[in-house]
Amino acid sequence: MRHAVRYRNLSIKQKLRLIVVSTLSLALLLASAAVLTYEQVASRAGLQSDLQALAEVVGSNSTAALTFRDQMAGEEILGGLKAKRHIAAAFLFLSDGQLLSAYRAPSNPSLAPISCRSNESWSANDKLIVCRDIALRRQTIGAVCLESDFGELREKLIHFSFIDRKSTRLNSSH
């Protein structure tokens, strides 16, 4: 009720300014929400694509370890994934499904191996999982599974939200 009385007492110029600023603020808020939603969907697809490419690279580098059932070589290859801090775990499986080697990020030392699904990607428990078959001379000799957290997406979201808040404040201060 108090706001209605204050609004009634404003001049026409002030009322028009209030309406324009309110409309623009709402439009900016809706546009920001749309861009944020698009960015989240596009980033998730990009993360999945990057993880699939990384699985292909790891798989190509793991053919000798799988062929000779060399657990140490497999662990050394997977250990290189520590450079990617959002990789929570990685597993090399033999063609019979037996686990050959595993890598677990220091933040997830007790993470249990996942069941490998042939050439699939899925989300589970706030993780993105990508499994790829590994072939040598057109014969499947094993599989690699990579598990990534969504920390990279969260970081992008926080960064975008920070920029969005700053731009909204700048626009509303004029």
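Biologist: Which cysteines form a disulfide here, and how far apart are their sulfur atoms?

Modeller: In general, a disulfide is a covalent bond between the sulfur atoms of two cysteines. In this predicted model, Cys131 and Cys145 form such a pair, with their sulfur atoms 2.2 Å apart. The pair links distant parts of the chain, since Cys131 lies in strand β4 (residues 127-136) and Cys145 in strand β5 (residues 139-149), 14 residues apart. The torsion about the S-S bond of Cys131 and Cys145 is about 110°, so the disulfide is right-handed.

Biologist: Are Cys131 and Cys145 buried or exposed?

Modeller: Both Cys131 and Cys145 are buried.

Biologist: Turning to helices, which residues of helix α4 are buried?

Modeller: An α-helix has 3.6 residues a turn, so residues three or four places apart point the same way. In helix α4 (residues 71-79), the buried residues are Gly74, Leu78 and Gly79. Because they cover an arc of only 135° around the axis, they sit on the same side of α4. The face of α4 turned away from that buried side carries the exposed residues Met72 and Glu76, while the cover over the buried residues of α4 includes α2, α3 (63-67), β1 (87-94) and β2 (99-104).

Biologist: And which residues form a nonpolar patch on the surface?

Modeller: Tyr7, Ile12, Leu16, Leu18 and Ile19 form the patch, which together has about 480 Å² of accessible area. Its largest share, 4 residues, comes from helix α2 (residues 12-61). Leu18, which is placed in helix α2, is partly exposed, with a relative accessible area of 39%; a patch residue needs over 30%.

Notes
Residues numbered from 1 in each chain as written. Predicted model: local features only at pLDDT ≥ 70, side-chain atom pairs only at ≥ 80, totals over all residues. Heavy atoms only, no water. Patch = residues over 30% accessible without salt bridge, like charges linked within 9 Å, V, L, I, M, F, W, Y side chains within 5 Å. Areas by Shrake-Rupley, 256 points an atom, 1.4 Å probe, with all protein chains shown as cover. Salt bridge = Lys/Arg side-chain N within 4 Å of Asp/Glu carboxyl O. Helix = DSSP H or I, 4+ residues; strand = E, 2+ residues; numbered from the N terminus. Buried < 20%, exposed > 50% of the residue type's maximum accessible area, 1.4 Å probe, protein only. Disulfide = S-S within 2.5 Å. Arc of directions from axis to C-beta. Contact = heavy atoms within 4.5 Å.
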